[in-house]
Amino acid sequence: MKNFCHLLIILSICTANAQKGYWQQHVDYKMNIKVDVKTYQYDAEQVISYKNNSPDTLKNVFYHLYLNAFQPNSEMDIRLQTIADPDRRMVVNTGTEDQPIIKSKISLLKKEEQGFFTILSLHQDGKPVSYEVVGTVLKVTLNKPILPNKKSVFSMKYKAQIPEMVRRSGRNSADNVALSMAQWYPKMAEYDTNGWHTNQYIMREFHGVWGNFDVKIQIDKNYIVAATGELQNPKEIGFGYLPEGQKVIEPEGNTRVWHFKAKNVHDFTWAADPDYKHDIKITTNGKKLHFFYKKYQENWQKLQPEMVKVFDFFQEKIGEYPWSTYSFIQAGDGGMEYAMCTLVAGGNNYNSLLKTSIHELGHTWFQHIFASDELTYPWMDEGFTSYIQDWAYADVIRGEKDASAWQDAYQCYFSLIEKNIQEVATTHADRYELNSVYSATAYCKGAVFLSQLGYIIGQEALQRTFKRFYKDFAMKHCTPQDFVRTAEKVSDMQLMWYLNEFMQTDHTIDYAIDNVQSEGSKTKITLKRIGRMPISLDILVIPNGERPFSLYVPTELTFGQKPNPFKNMRREELSPWGWAYPTYTFVIDLPLSQIKTISLDPQELSTDTNLENNNYTN
């Protein structure tokens, strides 16, 4: 009886903990930095107020020191030297075209070109605290543990050096932008139900704590700064922030302080250059879109009205942008999303600039509003963004509304299978064998996951899922399970099997029309499942001289049926197909002699790997 009582107590505690529900940590940053544009170094003071909303007592905290990656022999450097297909932006040929010698750019950085953080002091609640730097991670051993629902204040002084541009953050970009300041400050690591996220910075994505930023940047008075957040002192700044003709308060010395604030974001990024042009466009609901650029000015100006339309499209299809401003900033290398802004390189090729800008803007929703763990679920971050990028490009730019928007993503995914290099999508972002496989999995397979989900539950249900997901999970750290559960609620179908099969295994789809034979005035059809992954099937039947009609075979796993996707066509709903049965036979009320063709998945929205066995022609 005593043991039974103990068990009841344990169960009651577990139940109580489970009922606490969702939680996320909170951090407020106050940062003051003084930049020397000649030495590319800056002195900084940082004060963090950290709120422990978890049910756990924290004995340590961790920071990310991203700039430390830009030193020879860092893990990022060694990864570039050992992976078979290193990122081309991060390597250089030191040999000849005939006899190339490919080297990591980081390995060639001189001391004055490297990135680093030097911690000068660190205090917890006013008292010095011990810490250890391990590569790009700072481990802090707390003087006093942070109890659940309690706060602690960390004050730090440090010195940093901005590296030559290799990846995302650095000086002197290919567009000759002076400063691209991403991952530039000691950033508190995320702590969630999986514990501390203390990944070394190798080259991939990020995960951050929600919070508020108050940042002051003191820099040469001739530099224009573009940043996360809203500018607090436009009268001291000017540069397009004030109405034309309004007088700007000139600084007394050679520097100017730019003061920005951002609420409820999980990152802060900025860029600076003395030659930036600055334009502002207004969206339908009054959001300000800032554009900072210096090269390829004609294309950057051409981009602006298009991005207003795309911005409105994303708000209509997914949910309202929750902040007042967003900035497109010519900086960095390629394109990368940040809180309330993006860094986009180049612009010589307008279509490339346009597509990159649409993609990075899309990340505002699938990363900075829905803050998934990008390292654990890169396919949710990149894939979902690629899906809505292709959707916006087809709808807004080309004026097309059919399913062809995602055909490139399908072909990219199929290439993984054809080359037999597929890796399970649950692989950590840094651990893929090849960069190309990571990209195809994260961007392409992730986009196809959504397109194929629309095939399973119906396109209208998928669109409603986006809006319901926004309502339930905006400004939270969401997971793939959260999205699929939302789709289940919207569609009234069971769908976790789909998440497991398509993203947590390397199973593939292959269905075939195995046999078609006459049964008097009717026709018996046998289908065969060859691939390991099940899926529901749309079947198109085209009779001779009669109107086409469709058949629908749901997989038993959904315990539900989607609406008829062929609005003006009769559909017959057949009984569900259980996964364990390799074949499925049914009879249609039509003589074989009157059948012209039978096609499985005529819209080609499933990832059936062999279309040759999908069709029967009489």
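Arg167 counts as buried, at 7% relative accessibility (buried means under 20% relative accessible area, exposed over 50%, partly exposed in between, with a 1.4 Å probe and protein chains only). This is a predicted model, in which local features need pLDDT of at least 70, side-chain atom pairs count only at pLDDT 80 or more, and totals for chains, interfaces and linings use all residues. Residues are numbered from 1 along each chain as its sequence is written, and side-chain values use heavy atoms, leaving out hydrogens and water.

Arg167 meets Asp333 in a salt bridge, 3.1 Å from N to O (a side-chain nitrogen of Lys or Arg within 4 Å of a carboxyl oxygen of Asp or Glu). Asp333 sits in the loop between strand 23 (325-330) and strand 24 (335-338), and Arg167 in the loop between strand 10 (150-161) and strand 11 (170-171), so the pair ties together parts 166 residues apart in sequence. Strands are DSSP runs of E, at least two residues, and helices are runs of H or I, at least four, numbered from the N terminus. Asp333 is buried too, at 12%.

Lys187 and Asp267 form another salt bridge, at 3.7 Å. Lys187 lies in strand 13 (residues 187-188) and Asp267 in the loop between strand 19 (255-265) and strand 20 (270-273), so this pair joins parts 80 residues apart in sequence. Lys187 is buried at 5%. Asp267 is buried at 6%.

Now the nonpolar core. The largest one has 193 residues (buried Ala, Val, Leu, Ile, Met, Phe, Trp, Tyr and Cys joined through side-chain atoms within 4.5 Å). Helix 8 (residues 435-457) gives the largest share, twelve residues.
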